[in-house]
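Okay, thanks for making time, everyone. Let me put the model up, and then I'll walk you through it.

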Amino acid sequence: MGKSKRSTIRRIIEIMNAAELYDRDFAEWAVRNAELLRAGRVADADLEHIAEEIEAMAKRERRAMQSRLARLIQHLLKWQVQPMKRCASWQSTIAGQRFRICRLLEDNPSFRPELTKWIDREYEHAVHLATLDTGFERERFPTVWPYTLDQTLGQSFLPG
């Protein structure tokens with residue numbers, strides 16, 4: 001793309017208001033709205049889309065936590081039901097998921113009261129993944145998650 005075409009595009013983007021940019025150039029939309037908010041020009045900012053994006057960020061953080069919980073439980077289940085196949089890779093995955101969950105909790109302490117509920121909700125998904133990994137039938141795994149939150153997240157706990 002030639003220099004004149006880039007400068008034309010840049011001029012068009014500069015003319016657009018913050019809301020018009022949302023569908024055309026998300027990165028520019030984000031920068032423009034941040035500038036407007038920092039300058040105190042709230043009335044010029046695209047508040048509706050800003051609110052949607054903030055809500056979406058919160059949902060992504062929740063999904064990240066739930067995904068990490070499912071992965072942690074999956075590996076703890078494999079550790080429990082396949083003692084002869086235990087390996088450093090599984091232990092590393094368990095430790096890594098616990099570490100990342102703790103980091104998410106540091107950044108989002110409001111998640112802590114939800115953890116037990118999320119573990120219960122993610123348990124069946126984790127069992128499904130573990131059945132795929134192990135080839136075992138569903139009946140081989142506990143009906144419900146048998147460990148406490150402290151055990152699940154505890155750095156030294158591994159099921160027997």
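Before I point at any helix, here's how they're assigned: helices (H or I, at least four residues) and strands (E, at least two) are DSSP runs, numbered from the N terminus. Keep in mind that this is a predicted model, where local features need pLDDT of at least 70, side-chain atom pairs count only at pLDDT 80 or more, and totals for chains, interfaces and linings use all residues. Residues are numbered from 1 along each chain as its sequence is written, and side-chain values use heavy atoms, with hydrogens and water left out.

So, the overall fold. We've got seven helices and zero strands in the protein chain, and reading along the sequence you get α-α-α-α-α-α-α. How much of the chain is buried? Of the 160 residues, 36% are. Buried here means under 20% relative accessible area, exposed means over 50%, and partly exposed is in between (1.4 Å probe, protein chains only).

Let's start with helix H3, residues 26–38. Leu 37 sits in that helix, and at 37% relative accessible area Leu 37 is partly exposed. Together with Val 42 and Leu 47, Leu 37 makes a nonpolar surface patch of about 230 Å². The patch rule takes residues with over 30% relative accessible area and no salt bridge; like charges are joined within 9 Å, and nonpolar side chains (Val, Leu, Ile, Met, Phe, Trp, Tyr) within 5 Å. The areas themselves come from the Shrake-Rupley method with a 1.4 Å probe, and for residues only the protein chains shown count as cover.

Arg 32 pairs with Glu 28 at 3.8 Å, N to O. These two are four residues apart in helix H3, so about one helical turn separates them. Are they buried or exposed? Arg 32 is buried, at 13% relative accessible area, and Glu 28 is buried as well, at 15%.

How many salt bridges are there in total? The count is six. Another one joins Glu 114 to Lys 117, with the closest N and O atoms 2.7 Å apart. Glu 114 is partly exposed at 27% relative accessibility, and Lys 117 is partly exposed at 48%.

Then there's Glu 124 with Arg 138, at 2.7 Å, N to O. Glu 124 lies in helix H6 (residues 115–134) and Arg 138 in the loop between H6 and helix H7 (149–153), so this pair ties together parts that are 14 residues apart in sequence. Glu 124 is partly exposed at 41%, and Arg 138 is partly exposed at 25%.

H6 also holds His 128, which is partly exposed with a relative accessible area of 43%. His 128 and Gln 74 are 54 residues apart in sequence, and their C-alphas are 8.4 Å apart in space. Over in helix H5, residues 88–107, you'll find Ile 101. Ile 101 is buried, at 0% relative accessibility. From Ile 101 to Leu 72 it's 29 residues in sequence and 9.3 Å in space, C-alpha to C-alpha.

On to the aromatics. There are seven aromatic pairs in the structure. Phe 111 and Trp 118 have ring centres 5.1 Å apart and planes at 75°, so that pair is edge-to-face. The rule is that rings of Phe, Tyr and Trp (its six-membered ring) pair if their centres lie within 6.5 Å; planes under 30 degrees apart count as stacked, over 60 as edge-to-face and the rest as tilted. Phe 111 and Trp 118 are both buried. There's also a cluster, where ring pairs link Tyr 123, Trp 145, Tyr 147 and Phe 157.

One more ring to look at is Phe 136, which has the charged end of Arg 140 over it, 3.9 Å from the ring centre. That call needs NZ of Lys or CZ of Arg within 6 Å of the ring centre and within 35 degrees of the ring normal.

How values were computed. Salt bridge = Lys/Arg side-chain N within 4 Å of Asp/Glu carboxyl O.
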